[in-house]
Amino acid sequence: MRDYDAATAFLGEWGRFQRLIFFLLSASIIPNGFNGMSAVFLAGTPEHRCAVPRGANLSGEWLNASIPLELRDGQEVPSRCRRYRLSALANFSALGLRPGSDVKLESLEQEPCLDGWEYSRDVYHSTIVTEWNLVCENDWKAPLTTSLFYVGVLIGSFISGQLSDRFGRKSILFLTMAVQTGFSFLQIFSINWEMFTVLFLIVGMGQISNYVVAFILGTEILGKSVRIIFSTLGVCIFFAIGYMLLPLFAYFIRDWRMLLLALTVPGLFCVPLWWIIPESPRWLISQGRYKEAEVIILKAAKINGVPAPDVLFDTTEDSKPQQQQKAILLDLFRTRNIATITIMSLLLWFFTSVGYFGLSLSTPNWHGDAYINCFLSAVIEVPAYVIAWLFLRFFPRRYSLSGTLLLGGSVVLFIQLVPADLNILSICLVMLGKFGITAAFSMLYVYNVELYPTLVRNMAVGATSTASRLGSIISPYFVYLGAYDRFLPYILMGSLTVVIGILTLFLPESYGTPLPEKFDQMLKVKCFRNGQQTTGIRNSKESPTVLMTPL
């Protein structure tokens, strides 16, 4: 059979059919944007203190003094998890003693919050934290909720490609959309934290699977030039649009169950797309279903208003494919050079993911309004994706990645030096850090693809993507450290990002070189120089066609 791109070249690159597929598949990514970061508001932790029951028989003075003060961020504030023993306070109140003057509060015995907590309703009216009291001795459950969502993302990453290879792109795309929407809806009826968390894990599986399959389907249907725009800007920017919608929904709907319902409804608008988005003709051909592929291409020709040739696919030219050499995971470590590239790539993906998700999930901890902060965190991704696309087209990979990582990490480190009264400057630095790390994150797929030979390329991308998922799984605990020291998460994320930005300079430069086919054609690791292996490869001014995704 002729090359697929050559056989379908008569359709053109940017006809009505291609525009339709481009925007519909990109739009299907929007729910992934707000579902992927929904834990920011669903699991938000408001200010809280121990509840004092009405029957405690305390005077107004003793009621106000019932909560001890603790030092937090350099200020004395009411304790979140302790109170003075109420039985002792009731005795002092009955005797007419006054707190502070007659009784030294520092000497009183304390007790945990035996009667629950009182939660501030200034930011959130209801979250899973207030619903099931995920604070104090149970405060580890809130970050675990988010981590298990990303465990679902990790599982979905493994199974989505295999399922779509076996059952087709379109079927799995809409099945995973249904999983994401359906299990999000079931979460509304959660009766305890355990039920919510298990369902959230399944939502994570559907969320990433939907994203991956839509990405694959778009790159297989669209032509070469449009494919690059779709994979670099289309899905990324529509993901950011979904991310922007999250704080808008959350601002007007502050009850977590109603917010989940609002985030579920947009998934229903994807149902009519079943009758518009076709199956991938490439996949159909790979399964020997040529007639079905021809029907789709002829329909595309009709939509574009172009005549189709009499014969699209000459199956008589097909020959039995040759047996391909199989690769195993250990091939990524078969030589010192490959092992060095693999280990550095794994670290690069892991720490970049920690930085990206850590900053994204920490928006409620920034100064100012949590909803505005989250919206700004989403908005800054759009110019980051555009800059990343421009860097990939015109600048060396190593310096682009290292520069954006060093920018993101260094400004995040500087946050601790900003005076407490310059809150706006702190937020601007976080935004600049998020910009740099997002730009670097979106360039990683491209760089990874260019470093490895064909035999192990998919395996390398899979391994490094797994490192990225592991980074996202532990990132909520970086945010969690902010409960002990407000600057500690930024110090850790900034330091790790700067270190990995420096290490990136030791990787080989792949810009302007053809993709390696064999192991002996891989580029060599050298510091600050392009140590290209010349066997079988010549320098080329044309950068190879590669794909990019923000996740």
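The bend at a residue is the angle between axes fitted to the seven residues ending there and the seven starting there. Keep that in mind for helix α11, which has a kink of about 45° centred on Phe230. This is a predicted model, where local features need pLDDT of at least 70, side-chain atom pairs count only at pLDDT 80 or more, and totals for chains, interfaces and linings use all residues. Residues are numbered from 1 along each chain as its sequence is written, and side-chain values use heavy atoms, leaving out hydrogens and water.

- From first C-alpha to last, α11 reaches 42 Å, close to the 42 Å expected for its 29 residues at 1.5 Å a residue (the expected span is 1.5 Å times one less than the number of residues).
- Helix α8 (residues 141-167) bends by about 30° at Ile159.
- Just after α8 comes Gly168, with a positive phi of about 105°.

**A helix pair**
- Helices α9 (residues 169-187) and α10 (residues 193-221) pack at about 155°, with axes 8 Å apart (axes are lines fitted to C-alpha atoms over the stretch in contact, and angles run from 0 to 180 degrees between N-to-C directions).
- The two are therefore roughly antiparallel (angles over 145 degrees count as such).

**The nonpolar core**
- The largest nonpolar core has 140 residues, and Phe41, Phe313 and Tyr452 have the most contacts inside it (a core is a set of buried Ala, Val, Leu, Ile, Met, Phe, Trp, Tyr and Cys residues joined through side-chain atoms within 4.5 Å; buried means under 20% relative accessible area with a 1.4 Å probe, protein chains only).
- Helix α19 (residues 423-451) gives the most to this core, with 16 residues.

Conventions. Helices (H or I, at least four residues) and strands (E, at least two) are DSSP runs, numbered from the N terminus. Buried means under 20% relative accessible area, exposed over 50%, partly exposed in between (1.4 Å probe, protein chains only). Angles under 35 degrees count as roughly parallel, over 145 as roughly antiparallel, 65 to 115 as roughly perpendicular and the rest as oblique.
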